[in-house]
Amino acid sequence: MANLTNNKSILDWIGEKVELVTPDNIVWIDGSEEQLEALRAEACQTGEMIKLNEEKLPGCYLHRTKPNDVARVEDRTLICTPTEEEAGPTNHWKEPSECYKMLYDIARGTYKGRTMYVIPYSMGPIDSPFAKFGIELTDSIYVVLNMAIMTRVGKAVLDKIGDSDEWIRGFHAKCDVDPEKRWIVQFPQDNTIISVNSAYGGNVLLGKKCFALRIASYLGRNEGWMAEHMLILGIENPQGETKYVCAAFPSACGKTNLAMLIPPEGYRKKGYKVFTVGDDISWLNIGPDGRLYAINPENGFFGVAPGTNEKSNFNALESTKKNTIFTDVCHNLEDNTVWWEGLTKDRPVKADDWKGNPWPLDSKEKGAHPNSRFTAPTVNCPCLSPEFENPQGVPISAIVFGGRRAKLAPLVYQSRDWNHGVFVGSAMASETTAAAAGAVGVVRSDPMAMLPFCGYNMADYWGHWIEMGKKLGDKAPKIFNVNWFRKDSEGNFMWPGFGDNLRVLDWIIARCDGKVDAKETEIGYVPYAEDINIEGLEGEVSIDSLNEMLSVDKELWVEDTKRIQELYDKFNGRVPAELVECHETLKKNVQ
Ligand code: OXD
Ligand code: MN
C-alpha cells in the first residue's frame, strides 16, 4: 500500500520498526468508512470480534481479551526519563537505552504473518491550536477500530503534521499477550510510547493514558499547560448561562456518571441542563483572557460497563446503542446483544460469560468482567456539549477533586486559595477498584487522580500546578473536594449520588459566583447544611445526616496527615514549599 505521507521523520521511524518486527503487510489507516468497514468484516471473520444484533445495536461489536489481560498493569508501566529522579518515586523507571533494548528484543520478528497498521491520529479537534498528533503502529485490528472511535484518525492528520517531526511515536505489538513480558513504556524525552504483550484498551490505545496523560503531562510542564485526569461538564442555569467544571477522580469513581448526569426533577423543571464535554481527560491552557480553558482530547468514551443502566447513567447507555465496541462483557445469546451486572435486574437466561464460555444459570461467576468496557463515539451522547468541538475549549470556573472515602472527607469543601487547592489535590486518596490490576478496597494515595498517569516526578508536577496558579492569578478557577462515598455507622452510603450530585455542583458554582457563604473550618470552607438544596430528597437525606456528612472528624484527619506525610517523605525534599506549608497548617489545625 502506498505511503500516505512524504514526511521523512515518519517514514524513517516506520522503516526502522518494519525492519524490527517484519510484518507481512503495511496498511495505512486513511480514516475512510470503507476501510474501517472492511476491517470490521475481517475481524468478524477471524473471530476477533462478534457482530451484534444489527437491529437492536446497529454497528456494534463484542470483543474478548485474554483472561490474563483485562486491566492496566501499573507495576509494568514505566516512565523512562534519563534519570530515575526525573521519573520520581511514584513511577517505575528503567534506564532508557536498556529499556529500548529489552522492548525491541521482545518485539523482534513478532509481526511475522501479521499486518502492520499505521494509525495517524489527533488528540483534540484537528484544527484546535491545542491539538497534538501521533502515529500508532499496531498489529491489532481491535486497536485500529477502537482508536477510530476514541480519536480522530486518518489522512487529514498526516496533512496537518506536514513535514514536522513534532508528533508522538506509538509502537504497539501484541506479541503473545504474555503477562510476564508485558510492558507499557513512556519515553517522555523522546515523545515515544512502546507497548508490548497486551491487547487491553488502557494499555494499547496509546492516545489515551499513555499520550494524553503521561506524555502530555510532561509536554504541558515544558510548554506551560496541563494534562489532567479530569472530566469536563457544563451546567446551564435557567437564565441560559453555562459554567464549566473539571473534576478529577481516581479510576472507576464515577467520572463518566458525573460527566453525563441528569439533573434531579426539581432542577430540570427550573430549566437546569448539564452538558458533557469529556469524561476522562482534560487538556488545560490559559486563554487570551487569562482564564483557564479545557479541551477534551478524546473523541469517544472508554467507559466501565458494569453498573451502567438507564437509571445510573442514561446518557452513557444511550451512547452505547450504536457504533460501539464492547469488550469483556457478557454475550446475551437470546437476541445477540450484550449484558453486564447492573444493566437489568435479571440476567439473560441464555448467555456466554466474558470469557466466551456458556454461563449456566447457577453460576457464581460474573457474566461480565468488572472492568469490562464500552468504546462509544462521543457524538452518540444525548447531552454532548455544543462546545465539544470548540477549538479553544471551554472556560473553567471550578476544579473539583474527589475520591472514594467511606469516612473522613466531607461531602464537599472548598480550598482556601489556589495553593491550598493544589495541596488538597496532592493529598487525594481513594479506595481502590477493579480498573487496575491489584487488590480492591484498599485506601491509596492518588494525587490529582494522576498517580498512574503522571509522566514525570510528581513533586515537580505539583510545582507546575503552583506555577500555573501564579500565571492565572485572580482568574484561577476555585478548587474544591467532594466525596460522594461517605458511609454511616451501618455502612450505608449517606449521599444518593448520581443526578443528585448536581446539588453539590450547584453550591460549588454559587461559591464561584460569590453568592453563598461558607463556614471556615480546619480543612477549608465547608457549606452550611441549609445551603445544600435537598428539596425533593425527602426521606433520603435529612438536615441531620447532611450535617454529619459535612462534619470534620479531627481524629481521622490527624491520621490522614500521617498518610500525607508518608507520601511527601518519599520525595526527598522535592515537594514544593507551598504544599509543605499547607500540610503544616493542616496538622496544626486538626491537632
Ligand atoms: C480509565 C482509567 O480507563 O482511569 O479511564 O482506568
Ligand atoms: Mn481514567
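Modeller: Helices (H or I, at least four residues) and strands (E, at least two) are DSSP runs, numbered from the N terminus. The model is predicted, so local features need pLDDT of at least 70 and side-chain atom pairs pLDDT 80 or more, while totals for chains, interfaces and linings use all residues. Residues are numbered from 1 along each chain as its sequence is written, chains are lettered from A and ligands numbered from 1 in the order in which they are written, and side-chain values use heavy atoms, with hydrogens and water left out.

Colleague: Which helix gives the largest share of the lining of the second largest pocket?

Modeller: On a 1 Å grid over the protein atoms alone, a pocket is an open set of points with protein on both sides within 12 Å along at least five of seven lines, a cavity is a set where a 1.4 Å probe fits but cannot get out, and lining residues have an atom within 4 Å of a point. The second largest pocket has 24 lining residues, with Ile262, Lys311, Phe498, Gly499 and Asp500 nearest its centre. The largest share of this lining, three residues, comes from residues 265–270, which form helix H10.

Colleague: What is the volume of the largest pocket?

Modeller: A volume is the space filled by probe spheres set on the points, and points are joined across faces, edges and corners. For the second largest pocket the value is about 490 Å³. For the largest pocket it is about 920 Å³.

Colleague: Which element supplies the largest share of the lining of the largest pocket?

Modeller: The largest pocket is lined by 43 residues, and Ala252, Cys253, Gly254, Asn257 and Arg404 are the closest to its centre. At least two lining residues come from each of helix H8 (207–223), helix H9 (255–259), strand S17 (300–304) and strand S22 (373–377). With four residues, the largest share belongs to H9.

Colleague: Which helix contributes the most to the lining of the largest cavity?

Modeller: There are two cavities of 30 Å³ or more, and the largest holds about 200 Å³. Its lining has 21 residues, of which Tyr413, Ala427, Met428, Asn481 and Trp557 lie nearest the centre. Helix H12 (418–426), strand S27 (478–482) and helix H16 (554–569) each give two or more residues. The most, four residues, come from H16.

Colleague: How much space lies in the second largest cavity?

Modeller: Among the residues that line the second largest cavity are Ser217, Trp225, Tyr456 and Trp465. Strand S11 (226–228) and helix H13 (458–472) each give two or more residues to this lining. The space in the second largest cavity is about 40 Å³.

Colleague: How many aromatic pairs does the whole structure hold?

Modeller: Rings of Phe, Tyr and Trp (its six-membered ring) pair if their centres lie within 6.5 Å, and planes under 30 degrees apart count as stacked, over 60 as edge-to-face and the rest as tilted. One aromatic cluster is formed by Tyr121, Phe211, Trp225 and Trp283. A search of the whole structure gives a total of aromatic pairs of 21.

Colleague: What are the centre distance and the plane angle for tyrosine 267 and tyrosine 272?

Modeller: Both tyrosine 267 and tyrosine 272 are buried, where buried means under 20% relative accessible area, exposed over 50% and partly exposed in between (1.4 Å probe, protein chains only). Their rings form an edge-to-face pair, with values of 5.0 Å and 70°.

Colleague: Why does phenylalanine 493 count as partly exposed?

Modeller: Phenylalanine 493 forms an edge-to-face pair with phenylalanine 485, at 6.1 Å centre to centre and 70° between the planes. Phenylalanine 485 counts as buried because its relative accessibility is 13%. Phenylalanine 493 counts as partly exposed because its relative accessibility is 48%.
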